[in-house]
Amino acid sequence: MCLAVSAAFSETPMKIAIIKADDIKGVDERFLRFIETSKNLGIKVSCGIICESLENPKKEYVEWMLAEQKQGFVEFWNHGWDHKRWNENEETISEFGGSGYAHQKEHFVDSQNAIKRILGQSPISFGSPYNAFDADTKRVISEDESIRLLFCYRDPNLENVVPAFMALRGEPDGTGNPNAAKFIDSYNQKNDITFSAIQFHPANFDDQDFVEYEKTITFLLEKDWVFMLPSEYITWLEDKSK
Ligand SMILES: [Zn+2]
């Protein structure tokens, strides 16, 4: 597939999506079904690992991730260490929102290292739990040379890090609840979009959610969206700017 060439010669800009599937913490039947469904639709997906799960992982968990990585349909990314959220002085703090530099640094580095240890390479993407982001998160990310892409709602203005904006909402009915009709409605109201990371929580899917997920993706395929992994997107951007 020669993406760069087709983009250069087409009149309308290429529309690129990255599927962002959150919250892997082991081999999960619904995650397997999500990946299988995506493969059947012909699209690749990126999956965020809650990295605490890699501390003493079961053999089948490691073997599954390695097999997916080798097949190339799935790219794993850093979704933080423990995904915790708590209250402090009546304020909600989360792993990467208000927890302080030392806390964030430790959790971020431990997560990068855990993925590298298990999968043999550092992830190039990060998406924090609850999409939290503050000045300490910015500093922590800027101190890691591996990270090239950040899933976010607002531009973090980080050098060498591409913001992957979640412009389209994959789960209009809340966490784990895709709704194709609502998705299409809101898509039609902002049809100048040419890039979106699209977030899903497959571990929360039931049968109907899988149907809605398929409908949502099928709609985007009919609208000529191209699905990339984070690393493919980075390469595409680099080729484009040459
Ligand atoms: Zn999450």
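**Note on the predicted model: helix packing, core and selected residues**

1. Aspartate 23 is buried, because 21 other C-beta atoms lie within 10 Å. (Buried means 20 or more other C-beta atoms within 10 Å of the residue's own, exposed means 12 or fewer, and partly exposed is in between; C-beta atoms are placed from the backbone.) Aspartate 23 sits in strand 1. Its phi is positive, at about 80°, although the residue is not a glycine. Most residues other than glycine have a negative phi. Helices and strands here are DSSP runs numbered from the N terminus (helices H or I, at least four residues; strands E, at least two).

2. Two remarks on the basis of this note. The model is predicted: local features need pLDDT of at least 70, side-chain atom pairs count only at pLDDT 80 or more, and totals for chains, interfaces and linings use all residues. Residues are numbered from 1 along each chain as its sequence is written.

3. Asparagine 131 also calls for a look at the backbone. Its phi is near 55°, a positive value in a residue other than glycine. Asparagine 131 lies in the loop between strand 6 (125-126) and helix 5 (135-142). It counts as partly exposed, because it has 18 C-beta neighbours inside 10 Å.

4. Next, the core. The largest nonpolar core has 52 residues. (Such a core is a set of buried Ala, Val, Leu, Ile, Met, Phe, Trp, Tyr and Cys residues joined through C-beta atoms within 7 Å.) Ala17, Ile19, Ile49 and Leu150 have the most contacts inside it. Strand 1 (residues 15-24) gives the largest share of this core, six residues. Leaving out residues up to four places away in sequence, alanine 17 touches Ser196, Ile198, Leu220, Trp225 and Phe227. (Contact means C-beta atoms, placed from the backbone, within 7 Å.)

5. Helix 2 (residues 29-41) packs on helix 7 (residues 207-222) at an angle of about 30°, with the axes 11 Å apart. (Axes are lines fitted to C-alpha atoms, for helices over the stretch in contact; angles run from 0 to 180 degrees between N-to-C directions.) The two helices are therefore roughly parallel to each other. (Under 35 degrees is roughly parallel, over 145 roughly antiparallel, 65 to 115 roughly perpendicular, and the rest oblique.) Helix 2 contributes Arg33, Thr37 and Leu41 to the contact, and helix 7 contributes Phe210, Tyr213, Glu214, Ile217 and Thr218. By class, these residues are four nonpolar, two polar and two charged. (Nonpolar: Ala, Val, Leu, Ile, Met, Phe, Trp, Tyr, Cys and Pro; charged: Asp, Glu, Lys and Arg; polar: the others, Gly among them.)

6. Helix 7 also packs with helix 6 (residues 180-189). Their axes come within 8 Å and cross at roughly 30°. Helix 6 is therefore roughly parallel to helix 7. Ala180, Phe183 and Ile184 of helix 6 meet Glu212, Lys215, Thr216 and Phe219 of helix 7. This contact has four nonpolar, one polar and two charged residues.

7. Valine 27 belongs to the loop between strand 1 and helix 2. It is partly exposed, because it has 15 C-beta neighbours inside 10 Å. Setting aside neighbours within four places in sequence, valine 27 contacts Glu60, Tyr61 and Trp64.

8. Arginine 148 is in the loop between helix 5 and strand 7 (149-152). Despite the charged side chain, arginine 148 counts as buried, because it has 21 C-beta neighbours inside 10 Å. Not counting residues up to four places away, it touches Ile124, Asn160, Val161, Val162 and Ile234.

9. Isoleucine 124 is in the loop between helix 4 (101-119) and strand 6. It is buried, because 20 other C-beta atoms lie within 10 Å. Beyond four places in sequence, isoleucine 124 touches Ser146, Ile147, Arg148, Leu149, Pro230, Ser231 and Ile234.

10. Serine 231 is in helix 8 (residues 230-240). It is partly exposed, because 17 other C-beta atoms lie within 10 Å. Aside from neighbours within four places in sequence, serine 231 contacts Glu75 and Ile124. Serine 231 and leucine 149 are 82 residues apart in sequence and 8.5 Å apart in space, C-alpha to C-alpha.

Notes: Contact = placed C-beta atoms within 7 Å.
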